[in-house]
Amino acid sequence: MSHGITLRTVPYDHPDAVKLNDQVQLEYQARYEGEGDATVLDPAMFAPPNGLYFVAYDTSDAPVASGGWRARDESPEGYLDGDAELKRMYVVPEARGLGLARRILALLETDAREAGRLRMVLETGDQQPEAIALYRSSGYSDCPKFGYYRTYDSSICMSKPLTR
């Protein structure tokens, strides 16, 4: 299952995390006609215990996947107290189909639960059918929209309780 993949906790501004983030932005631009994710993210948002960021490496130590969570609490953007927001879930095309996203998702859910967060929330879009399928099959369901893209028709928001 792991195919020699190792997951490491890294800061959000680690060079490998930045490299993968640049790649996911290009994918968003291709899928959404020129627009990347404009959500402002500060590396401090992913620093434990208020968040966590993973990069997965293949056997040649190349970064092939990423994902993180950050603590969110009630705000005008539609978050609720105790939320953990999933961000920057990405797997490079050549490493897709190995179960990496599901593996990272499970680790992030466990970490957020252990940090006392009550639900995991995420925002994806209607041009990301693979992501939607992953989240639905992992127990996520649609929820009221939140975050930067809450007014966009293409935005899909989902949540999952992080029950103990």
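Two rings of Phe, Tyr or Trp (for Trp, the six-membered ring) make a pair if their centres lie within 6.5 Å; planes under 30 degrees apart count as stacked, over 60 as edge-to-face, and the rest as tilted. By this rule, the count here comes to 7 aromatic pairs. One of them is Tyr 148 with Tyr 149, an edge-to-face pair at 4.8 Å centre to centre, with 70° between the planes. Tyr 149 also pairs with Tyr 152: the centres are 4.7 Å apart and the planes sit at 75°, so this pair is edge-to-face.

A quick word on what you're looking at. This is a predicted model, where local features need pLDDT of at least 70 and side-chain atom pairs count only at pLDDT 80 or more, while totals for chains, interfaces and linings use all residues. Residues are numbered from 1 along each chain as its sequence is written, and side-chain values use heavy atoms, leaving out hydrogens and water.

Back to those tyrosines: are they buried or exposed? Buried means under 20% relative accessible area, exposed means over 50%, and partly exposed is in between (1.4 Å probe, protein chains only). Tyr 149 has 10% relative accessibility, so it counts as buried. Tyr 148, at 41%, counts as partly exposed, and so does Tyr 152, at 32%.

The buried residues of H1 are Ala 17, Leu 20, Asn 21, Val 24, Gln 25, Glu 27 and Tyr 28. Seen down the helix axis, they fall within an arc of 160° (taken from the directions from the axis to the C-beta atoms), so they line one face of H1. On the other side, Pro 15, Leu 26 and Ala 30 are exposed. What do the buried residues of H1 pack against? They pack against strands E2 (51-57), E3 and E4 (83-91).

That brings us to Ser 66, which lies in strand E3 (residues 63-72). Ser 66 counts as buried because its relative accessibility is 2%. Leaving aside neighbours within four places in sequence, Ser 66 is in contact (heavy atoms within 4.5 Å) with several residues, including Leu 20, Tyr 53, Arg 88 and Ile 104. A polar atom of the Ser 66 side chain lies 3.0 Å from the backbone oxygen of Arg 88.

How values were computed: Helix = DSSP H or I, 4+ residues; strand = E, 2+ residues; numbered from the N terminus. Polar contact = N/O pair within 3.5 Å; in protein donor to acceptor, adjacent residues only side chain to side chain.
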